[in-house]
Amino acid sequence: MIATSLLTSGSSQTDASSYATASVSPGANRLVLVFVVSFLSGAATLPTLGGASMTWVKVADRTFSSNNLRITVFRGLSTAPGSGALTIDFGGTSQSNCGWAVVEFSGVDTGGDDGERAVVQSAVANAGSVNSLTVALAAFADAVNNVAVGVHCKVNSGETLAVGSGFTELVEVTQTEAGASWSAQVEWKTGEDTGVDASHSGTARNYGGVALELQAAVSGRQTIARGVGRGVGRGTR
């Protein structure tokens, strides 16, 4: 059975081309997902991720709100992870602000490289001037034991996000910078849910979202994490 815990979350209003999380200590053979939200007027930059002696592979990303906001999701899994801060690097391009959540999942399929088999599928979506957003996934590989994970972000930090039916909130990160505020929520649910959604009350906002299906470890099947640090698999760095 897949279980999860929040390792750290945070945000910064500082204009910078890189940001550091608090120190984390991922467990061996546990999938770590890092959710990053960044704001830059007109062209939020695609980041890379490093740290904790792990290779980080981009799973998915989505820009929205006239490309001002970007959600990026990374995965990592190691037989012998290190510890320390993770660095979110925008390649020399200063962002207006940035936020992050680092979440660990045990009980996943550890096969492949860097969490390759733990992440079965991902999907993205965005919409303008709405009160909710649903990110559609395909039918699950295991409708009972696999889990759905979603991150939704909306412009403006003034309203709290509500999870979809049956989901549990892992964390909500907000950024209150004037003219560049947003709110993002990470949620999860055991069992198949092909409509990963979140909503809020009040004024309609621009939304972006990413959804994933995570593969549970199968009893009796050997799932060995190959080649720590090679970064081969679904997704790009």
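## Confidence

Across the protein the mean pLDDT is 93, with 92% of residues at 70 or more.

The model is predicted, so local features need pLDDT of at least 70 and side-chain atom pairs count only at pLDDT 80 or more, while totals for chains, interfaces and linings use all residues. Residues are numbered from 1 along each chain as its sequence is written, and side-chain values use heavy atoms, with hydrogens and water left out.

Gly76 belongs to strand β6 (residues 69–76); strands (E, at least two residues) are DSSP runs numbered from the N terminus. Gly76 counts as buried because its relative accessibility is 0%; buried means under 20% relative accessible area, exposed over 50% and partly exposed in between (1.4 Å probe, protein chains only). Beyond its neighbours within four places in sequence, Gly76 contacts Arg30, Leu31, Val32, Met54, Thr55, Trp56 and Asp114. Its C-alpha atom is 9.7 Å from that of Ala118, 42 residues apart along the chain.

Ser96 sits in the loop between β7 (87–89) and β8 (97–106). With a relative accessible area of 17%, Ser96 is buried. Not counting residues up to four places away in sequence, Ser96 touches Gln13, Thr14, Asp15, Tyr19, Phe39, Leu40 and Glu177.

## Positive phi in two loops

Asn29, in the loop between β2 (18–20) and β3 (31–39), is a residue other than glycine with a positive phi, near 60°. Asn29 is partly exposed, at 35% relative accessibility.

Ser65 also has a positive phi, near 55°, and lies in the loop between β5 (57–64) and β6. Ser65 counts as buried, at 15% relative accessibility.

## The cavity

A search of the whole structure finds one cavity of 30 Å³ or more. A cavity is a set of points, on a 1 Å grid over the protein atoms alone, where a 1.4 Å probe fits but cannot get out; lining residues have an atom within 4 Å of a point. The largest cavity holds about 70 Å³ of space.

Its lining has 13 residues, with Val37, Ala101, Val173, Ala184 and Val186 nearest the centre. β3, β8, β13 (168–175) and β14 (182–190) each give two or more residues to this lining, and β14 supplies the largest share, four residues.

Terms used:
Contact means heavy atoms within 4.5 Å. pLDDT is the predictor's confidence in each residue, from 0 to 100. On a 1 Å grid over the protein atoms alone, a cavity is a set of points where a 1.4 Å probe fits but cannot get out, and a pocket is an open set with protein on both sides within 12 Å along at least five of seven lines; lining residues have an atom within 4 Å of a point. Grid points are joined across faces, edges and corners, and a volume is the space filled by probe spheres set on the points.
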